[in-house]
Amino acid sequence: MSDLMKDITGLCKRRGIIYPSSEIYGGFANSWDYGPYGVLLKNNVKKIWWETMVKFRDDIVGLDSAILMNPKVWEASGHLKAFTDPLVDCKKCKQRFKSDDLKKKECACGGELTPARDFNLMFKTHAGPVESDANLVYLRPETAQGIFVNFKNVLDSTRVKIPFGIAQIGKSFRNEITPGNFTFRTREFEQFELEYFVDPKKADKSFDEWKEERLKWYLGLGIDKKKIKLKDHPKKDLAHYAKAVTDIEYEFPFGWSELEGIANRGDYDLKQHQAVSGENLQYTDGEGEKFTPYVIEPSGGVDRAVLAFLVDAYKEEEVKGEKRTVLSLHPKLAPIKVAILPLIKKEPLIKLANKIYTELKELWFVEYDESGTVGKRYRRQDEIGTPYCVTVDFDSLEDSRVTVRDRDSMNQERIDISALKEYITHKIQ
Ligand code: GAP
């Protein structure tokens with residue numbers, strides 16, 4: 001792991017953002033738990049995505065489908081057959097690799113490798129008490145299939161008309177051969193996926209529009225434009241269902257890597273489900289013409305988005321000879337929007353600070369902190385990315401004003417307590 005990734009992982013643990021899983025039992029490799037601030041950050045990412053997709057658009061509806069589905073879904077989708085990675089074993093050290101990840105045809109230990117064989121990435125389990133093949137079920141490896149199998153339900157129960165989308169956020173599971181790079185590649189992860197159903201004649205245009213839309217979304221949340229780009233997949237590397245794929249890549253400390261994929265899935269999924277289920281999954285337009293819609297799919301990883309926002313926001317600076325670590329997160333993403341700090345732990349400062357805290361808490365996640373020096377409290381808030389700290393001092397008791405400190409510039413301004421809500425609302429939009 002690079003030094004920067006170590007620093008970020010260390011900060012995440014120290015400040016309650018992301019912890020290694022099952023740590024009291026020695027950990028569980030490549031599993032991570034979001035701590036008190038991490039869950040707020042992750043929830044903000046999901047909320048902003050949901051608002052962008054479902055709340056602020058008239059052409060997209062939401063869905064929350066089950067993780068466990070009829071195994072026929074995975075037969076129809078092609079996952080049972082084709083959702084595989086080529087796996088090789090080292091005959092000497094017994095390590096396993098994804099054969100595409102190996103530069104040479106030899107293990108680092110010098111051992112000989114077995115020929116590659118297909119390894120299906122879906123986790124299997126059994127529904128009910130009997131462990132037989134008859135009740136084998138799979139943990140979904142993408143949320144998308146839950147959307148396709150509900151296409152008809154949504155058409156029949158709502159007033160959607162093509163072009164329209166169905167959006168979903170939820171956990172997916174893949175038995176990755178080589179997980180790693182902190183939360184970048186794990187076996188349990190969360191996806192935000194949109195399946196946008198279009199007239200096949202308009203699919204190329206929609207594909208281009210979604211690439212731009214999704215790039216704009218990351219940029220609007222503060223991602224450095226030099227560190228994010230679109231990258232087309234060569235035709236020979238396309239997934240079994242795709243006509244075209246463009247990735248949004250971010251320059252992580254371990255190199256440019258996929259943040260989100262935008263795919264033109266054509267009519268592959270709906271046609272497959274129609275063939276295997278026997279249900280008519282065609283769409284009839286206003287003129288009575290029947291067709292199978294094409295699907296444009298922007299599909300991102302919530303955990304990867306969180307990681308990119310963390311990496312992008314992480315800064316180390318020197319302030320008056322001391323190191324300052326700061327997470328310059330976009331205010332909309334910041335777990336805590338404001339911290340209220342009485343200058344010292346004494347009445348009546350505490351009472352006034354608590355009054356302000358209680359009022360602001362109605363609007364945002366706010367923290368009250370009276371412990372230690374103000375300098376230390378500022379540093380703590382900088383490290384969890386709190387955009388504003390409000391300090392209540394003795395003058396506040398006389399002039400009803402407080403000091404508002406900006407996380408990034410560290411500038412301080414005196415603001416009337418009565419104007420605080422409006423001032424911060426304006427700043428964090
Ligand atoms: N429905 C299409 C689909 O699942 P994908 O490119 O395999 O496409 C979409 O996955 C996104 O899900 C990726 O861009 C990535 O952000 C996230 N993702 C996939 N595998 C992941 C893993 N093992 N760990 C974390 N995120 C993952």
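Residues are numbered from 1 along each chain as its sequence is written, and side-chain values use heavy atoms, with hydrogens and water left out. Because the model is predicted, local features require a pLDDT of at least 70 and side-chain atom pairs count only at pLDDT 80 or more, whereas totals for chains, interfaces and linings use all residues.

The domain assignment, which is of automatic or database origin, gives domain 1 (3-83 + 121-310) and domain 2 (336-428). The centres of domain 1 and domain 2, taken over C-alpha atoms, are separated by 39 Å. Seven residues from domain 1 and seven residues from domain 2 take part in the contact, where contact denotes heavy atoms within 4.5 Å. About 650 Å² is buried between domain 1 and domain 2, and carbon and sulfur atoms give 55% of this area; buried area is the accessible area (1.4 Å probe) that two parts lose on being put together, summed over both. On the domain 1 side, Arg15, Tyr37 and Leu40 lose the most area to domain 2, together 76% of what that side buries. Two salt bridges are found across the interface of domain 1 and domain 2, a salt bridge being a side-chain nitrogen of Lys or Arg within 4 Å of a carboxyl oxygen of Asp or Glu.

The largest nonpolar core has 55 residues, of which Val45, Phe192, Trp217, Tyr218 and Phe309 touch the most other members. Such a core is a set of buried Ala, Val, Leu, Ile, Met, Phe, Trp, Tyr and Cys residues joined through side-chain atoms within 4.5 Å; buried means under 20% relative accessible area, exposed over 50%, and partly exposed in between (1.4 Å probe, protein chains only). Helix α9 (residues 302-313) gives the most to this core, with nine residues. Helices (H or I, at least four residues) and strands (E, at least two) are DSSP runs, numbered from the N terminus. Apart from neighbours within four places in sequence, Phe309 is in contact with Val45, Trp217, Tyr218, Leu221, Ile223, Leu329 and Leu333. A second, separate core of 21 residues includes Leu352, Tyr357, Val366 and Leu420.

The structure holds zero disulfides, defined as pairs of cysteine sulfur atoms within 2.5 Å. For Cys12, the closest cysteine sulfur, in Cys389, lies 19 Å away and is therefore too far for a bond. Cys90 is likewise in no disulfide, the nearest cysteine sulfur, that of Cys109, being 3.6 Å away. Cys12 counts as buried at 1% relative accessibility, and Cys90 counts as buried at 1%.

In total, 38 salt bridges are present. Lys98 pairs with Asp85, with the closest N and O atoms 3.6 Å apart; Lys98 lies in strand β5 (residues 96-98) and Asp85 in strand β4 (residues 84-89), 13 residues apart. Glu142 and Arg265 form a salt bridge at 3.3 Å, N to O. Glu142 occupies the loop between β8 (136-138) and α5 (144-148), and Arg265 is in strand β13 (residues 255-266), 123 residues apart. Both Glu142 and Arg265 are buried.

The salt bridge between Asp393 and Arg414 has an N to O distance of 3.0 Å. Asp393 lies in the loop between β21 (388-392) and α12 (394-399) and Arg414 in strand β23 (residues 412-416), so the pair ties together parts 21 residues apart in sequence. Asp393 is buried, with a relative accessible area of 15%, whereas Arg414 is partly exposed at 28%. Salt bridges that share partners join Glu317, Arg324, Arg379, Asp382 and Arg405 into one network.
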